[in-house]
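Hi,

Here is the structure I promised to pass on.

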Amino acid sequence: MYGVIIALLPALLVSFYFFGIGSAIVCATSVAACVLFEWAINKFMLKNERTTICDGSAVLTGLLLGFNLPSNLPIWIIIIGALFAIGVGKMTFGGLGNNLFNPALVGRAALLVAFPAQMTTWPKVGQLTSYLDAETGATPLAIMKEAIKSGDASVLDKLPDSMSLFLGNHPDGAGAMGEICALALLLGLAYMLWKKIITWHIPVSIICTVFVFAGLMHLANPIYADPVSVILSGGLMLGAIFMATDYVTSPMTPKGQLIYGVAIGFLTVVIRNWGAYPEGMSFAILIMNAFTPLINTYVKPKRFGEVPAKK
Amino acid sequence: MNVRTFRIGGIHPEENKLTHEVETKVAALPKQAIFPLSQHIGAPAKPVVAKGDKVKVGTMIAEAGGFVSAPIFSSVSGTVFKIDTAIDATGYRKPVIIINVEGDEWEESIDRSDKLETVEAHPELTPEEIVNRIKDAGVVGMGGACFPTFIKLTPPPTAKAECVIINAVECEPYITADYRLMMEHADEILIGLELLMKGAKVTTGYIGIETNKPKAIELLAQKCAEKFNGSAYQVEVVPLKQRYPQGGEKQLVDAVIRRQVPAPPAIPVNVGAIVQNVGTAFAVYEAVMKHKPLFERYTTVTGKRLANPGNFLVRMGTPMKDLIEACGGMPEGDNKLLAGGPMMGKALTSVEVPICKGTNSVTIISGDEAVRKEPQPCIRCAKCVSVCPMGLEPYLLAKLAAVQNWERSEHEDVVSCIECGSCQFTCPAHRPLLDNIRMGKSTVMGIIRSRAAKK
């Protein structure tokens, strides 16, 4: 768990750099609330002798939840999100290791449904001292959605260029705190691969699937954005690297992980292009979380000495 | 150098080979020797001596109790004190023969000289004769499993042996008995291999050694070239990448000849390989050429806190206590006594347990290492799945055993588990995976046996 937290540090620092004080308040609130709820539910409701606070899982959930939120979100909404994430997403299933869905995404999904207005207005980067009063702007995904709805490909000209999407430093750029800079997230991925915390299967399969599928859509009709912008926008990197790879809610075998990753990538593009929300990553992951037990049951590792079935 | 290894899973535990360069000492005779009647896989041996009988070193004291069984020979001279029960390495009270030691008088048939007997000098040794002598000397697999060696040399008619693979991997941490044996008795081991090949009617042999034993690889490769070049046999020393559990029979076959033994009940000879430990090769040499039954073996006595860990040539039946005393005595504080190494060794409840045919080491784990860490919840990180050398899902098998779902356990191939402990070693949550899987495996095997018996 702490390895993943270390891997999140570059993205955390970048979010402080772009969103300043708002980012610090949102992250701190989210982490503190998640840890507090985990402790309280363990102690007063489950009456466990031992708490799971020290393993870092609640801190991680808090950080990931914070990364998914706009940096101008009021504290009370964040606390409700944390309660959903830890209380509903994790502890109702029996705590660490037993939850079916990624807790941070449960929190985010609940907030998105309950507070659609607050959860879909994103502050622009570079407002280091503002919190609730930050000026908001259109995210790249919102621009893409607008292009699809209007059927006018020229809307896409408003998209930042790929390099500023990669670094997150476009002056009009806007988005959730953790997802703004693809580079920082990729650094985290490199660290986790180096430390063997995760394997390449899930992130690579998600990103490749999205790239290929979005590329085909773009070729078929230019109102769909180019694949490079698609994989660098929104929560795709954050989701593929940190959310979908959550041990508890992802499949166990490499083959199962590839199936899971490809399905997430596919669903993400489907939701982004034809769904009601501009972003489909979190719903795609939640849907595939539900399929994980099924994948674990039917996709087995290759047994030693097994003769491959003859075709 | 072409370095091979097995293809699925595996781990790299800390080696802790404390006694690599410690020359083998001959252990002192015990005052009383204890011989469990069940020192091998299969039926227990049946006593052929009675209380008060005089025995010599090498006298048969119990005969084979069935086809899959092996006779047991006294390692000491003296008087049979009693036939009783005592706690053996399984932790249970089992029937044993106890002999009070008097002097050290050997059976005259045993050739005690150091003269190297070659196969060429003994044309009377037909394959059948070799197998019979191995059988009559009570030789079993010396790597720990203790399967009677003669059975491996006579495969079922459905399988055909193509090669003999000598298991000199010694991948288990701490243990160095096989390494010392190779350094000190390389010639005898190669003649043992030649006998095994002749007995199994094959001409191809391999010796698999991990690269952490470069001296042994060099020595055996040189001796092999001298001995087998130009002969009817092709023998190759195969350097193997260090990886646990390479010494597992199926992993070794995969590493050396790139063939995977199918799921049980298939055995290595189903893919043409007969695997024998180096200790077994040495025992075969002594049994066939020196008429010396199996009653002593090389054993490592080791532990980080032992004053003088060492390698011993020890008479079977010697209580572990004697060897631990010879190494400076049990260390202060908490200790865990293991028959075998830290990965596959069995924890013992008593230092009186005797050295048996399969005891390749006595390992003492001390202090904090002797204490198990508290298990945390499983977070399905899948590390156990990725290290399992049999391609199983340890997290699932452990859970199925815990909820006693035997039907699903069988469906998930629990009987393929080789109990190497890689899963438990790698588990970041310190979960007792292997303990549960062992329980599941033995229960499911019992169910399979009783189902077969009903038919």
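The centres of domain 1 and domain 2 of chain B, taken over C-alpha atoms, are 28 Å apart. Domain 1 covers 127–289 and domain 2 covers 383–454, with bounds from an automatic or database domain assignment. Each domain puts seven residues into the contact between them (two residues are in contact if their C-beta atoms, placed from the backbone, lie within 7 Å). On the domain 1 side, that's four nonpolar, two polar and one charged (Ala, Val, Leu, Ile, Met, Phe, Trp, Tyr, Cys and Pro count as nonpolar, Asp, Glu, Lys and Arg as charged, the others, Gly among them, as polar).

Before going on: this is a predicted model, where local features need pLDDT of at least 70, side-chain atom pairs count only at pLDDT 80 or more, and totals for chains, interfaces and linings use all residues. Residues are numbered from 1 along each chain as its sequence is written, while chains are lettered from A and ligands numbered from 1 in the order in which they are written.

As for chain A meeting chain B, 14 residues of chain A and 21 residues of chain B take part. The chain A side has seven nonpolar, four polar and three charged residues.

One last thing: who does Ile165(B) touch? Beyond its neighbours within four places in sequence, Ile165(B) is in contact with Tyr206(B), Gly208(B), Leu252(B), Val253(B), Val256(B), Ala273(B) and Val275(B).

Cheers
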